[in-house]
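Subject: Handing over the two-chain model

Hi,

Here is the structure I promised to pass on to you. Please open it alongside this email, and my notes on what was found follow below.

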Amino acid sequence: MAELYGWVNDRLGIMPGLVYVVRRKIPADVNWLYTFGSAALFLFLVQALTGGLLAIYYSPSPDHAYASIQYIMNDVTYGSLVRGIHHWSASGMVVLVVIHMLRVFFTGAYKYPREMSWMVGVVLLILTLGFGFTGYLLPWDEKAYWATVVGTNIAGSVPVLGDWILRVLRGGADLGALTLNRFYAMHVMLLPMAATLLISVHVAMVIRQGISYPPRRDE
Amino acid sequence: MAVANEAGDSREQGRRRFLSRAAAVLVTFIAGALAVPTIGHIISPALKRAENPLVPMGSVDQFEVGKPVRVDFLYYKRDGWVQERNSASAWVVRKSQTEFVVFNPACTHLGCPYGWSAEQNQFLCPCHGGVFGIDGTVLAGPPPRPLDRFENRIQDGKLYVRQVVQRG
């Protein structure tokens with residue numbers, strides 16, 4: 001391990017960068033409330049791993065979606081475990097992201113000079129909910145189908161643009177094969193790419209600026 | 001004062017070393033716990049051997065001893081979550097009241113479908129002139145081995161065939 005590290009460091013000089021990232025100073029009075037961002041990041045990685053594993057067997061077509069999930073649950077080794085983790089981590093990620101946001105809000109950490117972190121974070125919150133919304137349809141059972149009918153109808157209730165938004169979401173007037181496939185593409189291709197990019201920016205800004213210290217009495 | 005500081009520093013270092021080692025152990029443990037289901041999940045289908053189903057050929061009474069009959073049949077096979085419908089055929093030979101032999105309909109030479117000649121009492125392959133006896137043995141031509149057989153079973157007066165190729 002040390003040899004491998006030395007070999008790489010000889011060529012790339014990664015030592016200063018590693019020290020900068022890993023040994024950076026954090027305020028002495030931060031507490032457990034400051035770990036929810038990292039926890040959310042961990043769940044994102046869990047979702048990327050388990051999601052990739054599920055994509056090996058999932059088939060996003062109305063004919064096969066439900067049956068392929070039955071296959072995952074009943075025939076694939078550890079399939080029900082992997083799907084269970086993906087299911088629960090999805091809910092957990094929404095919870096953690098919201099707690100993280102509340103912590104940032106109530107400690108005033110969104111203020112100068114960290115407004116950009118906040119704004120990127122808000123987009124990440126929306127992406128997280130987008131993951132939840134698109135992923136919910138994929139089991140293609142009654143609950144998934146009707147939840148998405150209702151969800152897209154809500155989007156359709158927007159004044160003026162509503163009908164157009166609804167059609168874009170569903171890929172037409174009705175919910176069907178086109179809807180399932182575009183939700184799948186969003187869920188496994190576009191949203192992950194966007195989230196990976198923005199999380200990188202979000203974390204890079206935290207490393208660059210350091211963690212904001214908790215509000216102190218003397219200020 | 002200086003002494004107290006030194007003691008504090010070494011205590012600090014000891015704790016730091018302990019924590020970093022504990023973290024390394026924990027990370028190793030988590031990685032192992034993740035690797036097992038991950039690998040199992042990925043290689044899962046490779047570990048399963050799909051068996052062809054036992055397909056009913058109908059009542060045993062329709063087959064006469066010494067008169068091979070070619071039976072075409074449909075069977076369902078699972079391909080992951082898809083039910084595949086396949087057609088296949090087999091040559092059914094009744095050897096006695098209770099004994100059947102079922103031949104794979106592909107010639108053992110190059111896989112051509114062969115036929116039964118009632119006049120010559122032989123299986124004849126049209127492609128390269130392979131000739132087999134009613135028991136599947138090679139009588140003439142290029143086939144390297146006797147006709148391959150399928151597993152068969154009689155249950156409740158019905159003949160069942162499973163497409164498992166058994167060397168003849």
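A:Pro113 sits in the loop that links H5 to helix H6 (115-137) of chain A; helices here are DSSP runs of H or I with at least four residues, strands are runs of E with at least two, and both are numbered from the N terminus. The peptide bond leading from A:Tyr112 into A:Pro113 is cis, and its omega is near 5 degrees. Another loop of chain A, between helix H7 (142-156) and helix H8 (162-170), holds A:Val160. A:Val160 has a phi near 65 degrees, which is a positive value in a residue other than glycine.

Before you go further, a word on conventions. This is a predicted model, in which local features need pLDDT of at least 70 and side-chain atom pairs count only at pLDDT 80 or more, while totals for chains, interfaces and linings use all residues. Residues are numbered from 1 along each chain as its sequence is written, chains are lettered from A and ligands numbered from 1 in the order in which they are written, and side-chain values use heavy atoms, with hydrogens and water left out.

Chain A as a whole has nine helices and zero strands. Its C-alpha atoms fill a box of roughly 55 × 50 × 30 Å along the principal axes. The mean pLDDT (the predictor's confidence in each residue, from 0 to 100) of chain A is 95, and 100% of its residues reach 70 or more.

Now to chain B. Strand S2 (residues 69-79) and strand S3 (residues 82-94) of chain B run antiparallel and are joined by 11 bridges; two strands count as paired if DSSP finds at least two bridges between them. One of the pairings sets B:Val71 against B:Ala90 in S3(B). Two residues separate S2(B) from S3(B) in this hairpin, and B:Gly80 in the turn has a positive phi of about 60 degrees.

Chain B also has an open sheet of four strands, ordered S5-S6-S7-S8 with antiparallel pairing. Strand S5 (115-117) and strand S8 (138-140) of chain B are at the edges with a single partner strand each, so one side of each has no neighbour in the sheet. S5(B) runs antiparallel to strand S6 (residues 122-124) of chain B, with three bridges between them. There, B:Gly115 stands opposite B:Leu124 in S6(B).

As for confidence, chain B has a mean pLDDT of 88, with 93% of its residues at 70 or more. Among its elements, strand S7 (residues 131-132) has the highest mean pLDDT (94) and strand S10 (residues 158-166) the lowest (84).

How do the two chains meet? In all, 17 residues of chain A are in contact (heavy atoms within 4.5 Å) with 14 residues of chain B. About 1,400 Å² is buried between chain A and chain B, and carbon and sulfur atoms give 68% of that; buried area is the accessible area (1.4 Å probe) that two parts lose on being put together, summed over both. The interface has one salt bridge, a side-chain nitrogen of Lys or Arg within 4 Å of a carboxyl oxygen of Asp or Glu. A:Asp75 and B:Arg78 form a salt bridge, and their closest N and O atoms are 3.2 Å apart. On the side of chain A that touches chain B, the elements giving two or more residues are helix H3 (36-55), helix H4 (65-74) and helix H5 (79-106).

Finally, the predictor gives the complex an ipTM of 0.82 and a pTM of 0.81.

Enjoy exploring!
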